[in-house]
Amino acid sequence: MFSYEKMLQYPVRIKNPNPKYAQIIISQYGGPDGELGASLRYLSQRFAMPYPELKGLLTDIGTEELGHLEMIGAIVYQLTRNLSYDEIKKSGFDAYFTDHTTGVYPTAASGFPFTAASMQSKGDLIADLTEDLAAEQKARVTYDNILRLVDDPDVREPIKFLREREIVHFQRFGEGLRLATDRLDSKNYYICNPSFDDNCGCSCEK
Amino acid sequence: MNKREAAMRRLQSAKFALWEMHLYLDTHPEDLESIAAYKKYEAKYVLLLNEFEENYGAVTQFAPGVAWLKNPWPWESEVCD
């Protein structure tokens, strides 16, 4: 089960609304490399993970990503307070506003709504962990791109925190992949799939 | 920054240290030094959590009603309130 703690992982405290920034940053809410996709990816992949360290890692990083989703939601919410019609029109936020007012909706910056088509749960630990490494890098690049476009330090600080988390997760997933391959046949990692085949490595290990 | 926000920052820092050790222990489960560090941070977090909840309302879901429903919620900046 899940429970909620009434606090953000890192503070979000934005003084100046900016609908242009909101429409860029919303991509990390519902875009192709965003936090919603990240949490669904890890929390779904974990069911097929054969080793305890990997079940723990996917559960924990998937959970942390839900906390990041909340931070992105808070950033978008705070950037879209007290907007005038003029600001909405001039900033280009009018397209989003028409469909969602200032509600937080999972979409990419391009307007494409959230889709699970940008993630995978392959039921094979090497394929899944390799995807997770790439996913962390893609999210890191998205944060780097956001940092190229955003000047306000109130917005940059939490974005920089989230960017750093992608790097830490990449490191942990790398260690996870190593822990996995250490337990497979070193002559051929792919001879069988420990998430599916019997008698393949130590899939029944407690 | 008001007193509540300052207390929340302390709580967030302690929680972050605790969480970072937790993730590290997923891939280094028998690292005794890290287990000791985790326990140290955990004690600090529990202390700060109790202090915060006594003064400013609930963070965890074990205090339903008024304490849980108290504003602000985490996504609300206190800048303009």
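Is Lys20(A) buried, partly exposed or exposed? Lys20(A) is partly exposed, because 15 other C-beta atoms lie within 10 Å. On this scale a residue is buried if 20 or more other C-beta atoms lie within 10 Å of its own, exposed if 12 or fewer, and partly exposed in between, with C-beta atoms placed from the backbone. The model is predicted, so local features need pLDDT of at least 70 and side-chain atom pairs count only at pLDDT 80 or more, while totals for chains, interfaces and linings use all residues. Residues are numbered from 1 along each chain as its sequence is written, and chains are lettered from A and ligands numbered from 1 in the order in which they are written.

Chain A has eight helices and zero strands, in the order α-α-α-α-α-α-α-α along the sequence. Helices here are DSSP runs of H or I of at least four residues, strands are runs of E of at least two, and both are numbered from the N terminus. The C-alpha trace of chain A spans about 65 × 35 × 30 Å along its principal axes. Of the 206 residues in chain A, 38% are buried. Two residues are in contact if their C-beta atoms, placed from the backbone, lie within 7 Å. Of the contacts in chain A between residues at least 6 apart in sequence, 75% join residues at least 24 apart.

Lys20(A) sits in helix H1 of chain A, residues 19-25. Apart from neighbours within four places in sequence, Lys20(A) is in contact with Ser91(A), Gly92(A) and Phe93(A). Ile167(A) is 147 residues from Lys20(A) in sequence, and their C-alpha atoms are 27 Å apart.

Tyr143(A) belongs to helix H7 of chain A, residues 125-149. Tyr143(A) is buried, because 22 other C-beta atoms lie within 10 Å. Not counting residues up to four places away in sequence, Tyr143(A) touches Ile159(A), Leu162(A), Arg163(A) and Glu166(A). Asp60(A) is 83 residues from Tyr143(A) along the chain, with 21 Å between their C-alpha atoms.

The next subject is helix packing. Two packed helices are described by the angle between their axes and the distance between the axes. Axes are lines fitted to C-alpha atoms, for helices over the stretch in contact, and angles run from 0 to 180 degrees between N-to-C directions. The axes of H7(A) and H8(A) come within 9 Å and cross at roughly 160 degrees. H7(A) and H8(A) are therefore roughly antiparallel; angles over 145 degrees count as roughly antiparallel, under 35 as roughly parallel, 65 to 115 as roughly perpendicular and the rest as oblique. H7(A) passes H8(A) in a left-handed crossing, meaning that the near helix is turned anticlockwise from the far one by less than a right angle. The residues of this contact between H7(A) and H8(A) comprise 15 nonpolar, four polar and eight charged. Ala, Val, Leu, Ile, Met, Phe, Trp, Tyr, Cys and Pro count as nonpolar, Asp, Glu, Lys and Arg as charged, and the others, Gly among them, as polar.

Two loops of chain A hold residues with positive phi. Asn82(A), in the loop between H4 and helix H5 (85-91), is not a glycine, yet its phi is near 50 degrees. Asn82(A) is exposed, because 8 other C-beta atoms lie within 10 Å. Thr101(A), in the loop between helix H6 (94-100) and H7, has a positive phi of about 50 degrees and is not a glycine either. Thr101(A) is exposed, with 10 other C-beta atoms within 10 Å.

Chain A also meets chain B: 26 residues of chain A are in contact with 18 residues of chain B. On the chain A side, helix H4 (52-79) and helix H8 (153-181) each supply at least two residues. H4(A) gives the most, with nine residues. That side of chain A has 11 nonpolar, six polar and nine charged residues.

Part of the meeting is a helix pair. H4(A) and helix H1 of chain B (residues 3-27) pack at an angle of about 150 degrees, with axes 8 Å apart. That angle makes H4(A) roughly antiparallel to H1(B). Their crossing is left-handed. Glu53(A), Gly56(A), Leu57(A) and Asp60(A) of H4(A) make the contact with His22(B), Leu23(B), Asp26(B) and Thr27(B) of H1(B).

In chain B, Gly57(B) follows H2(B) and has a positive phi, near 105 degrees. The peptide bond from Asn71(B) to Pro72(B) is cis, with omega near 0 degrees. Pro72(B) lies in the segment after helix H3 (66-69) of chain B.
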